[in-house]
Amino acid sequence: LNINDFIQKRIIQKTTHELKEKDTLISEDLLLAKSIQKKYIHSEVDEIDNLEIGIYFQPMIEIGGDLYDIYELKENYYRVFIADATGHGIQSALITMIVNSEYDKFKLLDIGPGELLEFFNDSFIDNYHHLNRFFSGMIIDIDMKNEKISFASAGHPSQIIITNNNVITFNSKGRLIGFLKDSKFEQITISFPVNSKLLLFTDGVFEEYSEQKKLLNEDGFIKIVEKYKQYPIASLIELIINDIRTLCGVNKFNDDVTVIGIQRT
């Protein structure tokens, strides 16, 4: 080797070594962040009489912008929160930590989901408006005694209830959290009889592409749910995810994917 080739080779070796070190550091940071995020994305309810719960949670990378929380507010009354921060990866994961912290301030209040979202939104804007970040979310209160659910949405996709073998979408009016202070969030109550199933999810579940670059979309997702609607909730979720993976083929998921299934038994 002449001197120029030798110098070039050493530069390449040095650069390769530095890149490997940075890659190792990033991988370690992501694993730590995943461990931290796992601590606050969870259900605080292990077993619930007369309710079966199934959960699928898969960030696009090690960490992501989806968040959920299931909590027993009082006897026979459960509060479910699902949210989706804009963006992907580390930035959106950091936002979910803030969202979780803010939600914890209000989730124990004995008020309806609509009013809770109003407090939540105003507090988030007061404390974090400088970040210019938004997220969609929905709060669902399950009243087992009176066989009903009450819910309010903050720009979240329509969710699904399966009752009497019918697949029905439900939603309410409300802006993204963080968009505008003093926003109002419509609260709606619907029946939740025995054997009904709730499917709660983020938009990543239907914003997936086939190998031919065809988008699944909400209608395509509902068709998959229709195909498996008679199955118990855990099997239902597994079959839905398997179909979406088959659709994607060799492609990885295009977004964070969260599906929560709740069935009255």
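How many salt bridges does the count come to? In this predicted model, the count comes to ten salt bridges.

One of them joins the side chains of glutamate 102 and lysine 105, with an N to O distance of 2.8 Å. Both residues belong to helix α2, where a spacing of three residues separates them by about one helical turn. Their surroundings were also computed. Glutamate 102 counts as buried, at 1% relative accessibility. Lysine 105 counts as partly exposed, at 46%.

Lysine 229 and glutamate 226 form another salt bridge, at 3.1 Å from N to O. Here lysine 229 is buried, with a relative accessibility of 16%. Glutamate 226 is partly exposed, at 33%.

A further salt bridge brings together the side chains of aspartate 243 and lysine 227 (2.7 Å, N to O). Aspartate 243 lies in helix α5 (residues 233–248) and lysine 227 in helix α4 (residues 217–228), so this pair ties together parts 16 residues apart in sequence. Lysine 227 is partly exposed, at 47% relative accessibility. Salt bridges with shared partners also join Asp69, Asp104 and Lys107 into one network.

In one of them, the ring centres of tyrosine 103 and phenylalanine 120 are 5.9 Å apart; the planes meet at 40 degrees, so the pair is tilted. Tyrosine 103 sits in helix α2 (residues 89–106) and phenylalanine 120 in helix α3 (residues 113–128), and the pair links these distant parts of the chain, 17 residues apart. Both tyrosine 103 and phenylalanine 120 are buried.

Phenylalanine 120 also pairs with phenylalanine 135. Their ring centres lie 5.7 Å apart with planes at 55 degrees, so this pair is tilted. Phenylalanine 135 is in strand β5 (residues 135–143), so the pair ties helix α3 to a part 15 residues away in sequence. Relative accessible area is 0% for phenylalanine 120 and 1% for phenylalanine 135. Ring pairs link Phe81, Tyr103, Phe120, Phe124, Tyr128 and Phe135 into a cluster. Elsewhere, the charged end of lysine 74 sits over the ring of tyrosine 77, 4.8 Å from its centre.

Helix α2 was checked for its span. Its 18 residues should span 26 Å, and its end C-alpha atoms are 26 Å apart, which agrees. Among the buried residues of α2 are Gly89, Ile95, Val99, Glu102, Tyr103 and Phe106.

Phenylalanine 179 is in the loop between β8 (166–170) and β9 (187–191). Its relative accessibility of 52% counts as exposed.

Note on methods
Residues numbered from 1 in each chain as written. Predicted model: local features only at pLDDT ≥ 70, side-chain atom pairs only at ≥ 80, totals over all residues. Heavy atoms only, no water. Phe/Tyr/Trp six-rings, centres within 6.5 Å; stacked < 30°, edge-to-face > 60°. Helix = DSSP H or I, 4+ residues; strand = E, 2+ residues; numbered from the N terminus. Buried < 20%, exposed > 50% of the residue type's maximum accessible area, 1.4 Å probe, protein only. Lys NZ or Arg CZ within 6 Å of the ring centre and 35° of its normal. Expected span 1.5 Å × (residues − 1). Salt bridge = Lys/Arg side-chain N within 4 Å of Asp/Glu carboxyl O.
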